[in-house]
Amino acid sequence: SAYEALVGQPISVLPISKTLERRIRENSNIRKVRDILLDVDRRVLLGIPYIGKIRAQQIVSHAEEHVS
């Protein structure tokens, strides 16, 4: 489906900086948009250095907008 195609895309399609993308890749198992959406309590995102509640919410919002 179109939704599956979108959630299967790499996080590089999201409007986040290359630095942030690299930090996510190096400090978590998040690789695809789906991984962000599945991190419901944001525990994985919040475990990444320099990502707090606000930045985590921004990343999740970008992922949600991407698939909507």
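User: How many helices and strands does the chain have?

Analyst: Helices (H or I, at least four residues) and strands (E, at least two) are DSSP runs, numbered from the N terminus. In this predicted model, the chain has 5 helices and 0 strands, and its elements run α-α-α-α-α from the N terminus on. Residues are numbered from 1 along each chain as its sequence is written, and side-chain values use heavy atoms, with hydrogens and water left out. Because the model is predicted, local features need pLDDT of at least 70 and side-chain atom pairs count only at pLDDT 80 or more, while totals for chains, interfaces and linings use all residues.

User: What radius of gyration does the chain have, and what would a compact globule have?

Analyst: The radius of gyration is taken over C-alpha atoms, and the globule rule is 2.2 Å times the number of residues to the power 0.38. With 68 residues, a compact globule would have a value near 11 Å, and the chain, at 11 Å, agrees with that. Along its principal axes the C-alpha trace spans about 35 × 20 × 20 Å.

User: Is Ile-24 buried or exposed, and what about Ala-5?

Analyst: Buried means under 20% relative accessible area, exposed over 50%, and partly exposed in between (1.4 Å probe, protein chains only). Ile-24, which is found in helix H2, counts as buried because its relative accessibility is 0%. Ala-5 lies in helix H1 (residues 2-7) and counts as partly exposed, because its relative accessibility is 48%. Over the chain, buried residues make up 29% of the 68 residues.

User: Which residues have the most contacts inside the largest nonpolar core?

Analyst: In soluble globular proteins, nonpolar side chains tend to be buried together. A nonpolar core is a set of buried Ala, Val, Leu, Ile, Met, Phe, Trp, Tyr and Cys residues joined through side-chain atoms within 4.5 Å. Here the largest such core has 17 residues, and those with the most contacts inside it are Leu-14, Ile-24, Ile-36, Leu-45, Ile-51 and Ile-59. Two or more residues each are given to this core by helix H2 (18-27), helix H3 (33-38) and helix H5 (53-67), with the largest share, 5 residues, coming from H5.

User: Which residues does Ile-51 touch?

Analyst: Contact means heavy atoms within 4.5 Å. Not counting residues up to four places away in sequence, Ile-51 touches Leu-20, Ile-24, Leu-45, Leu-46, Ala-56 and Ile-59. With the same exclusion, the residues that Ile-24 touches include Ile-11, Ile-48, Ile-51 and Ile-59.
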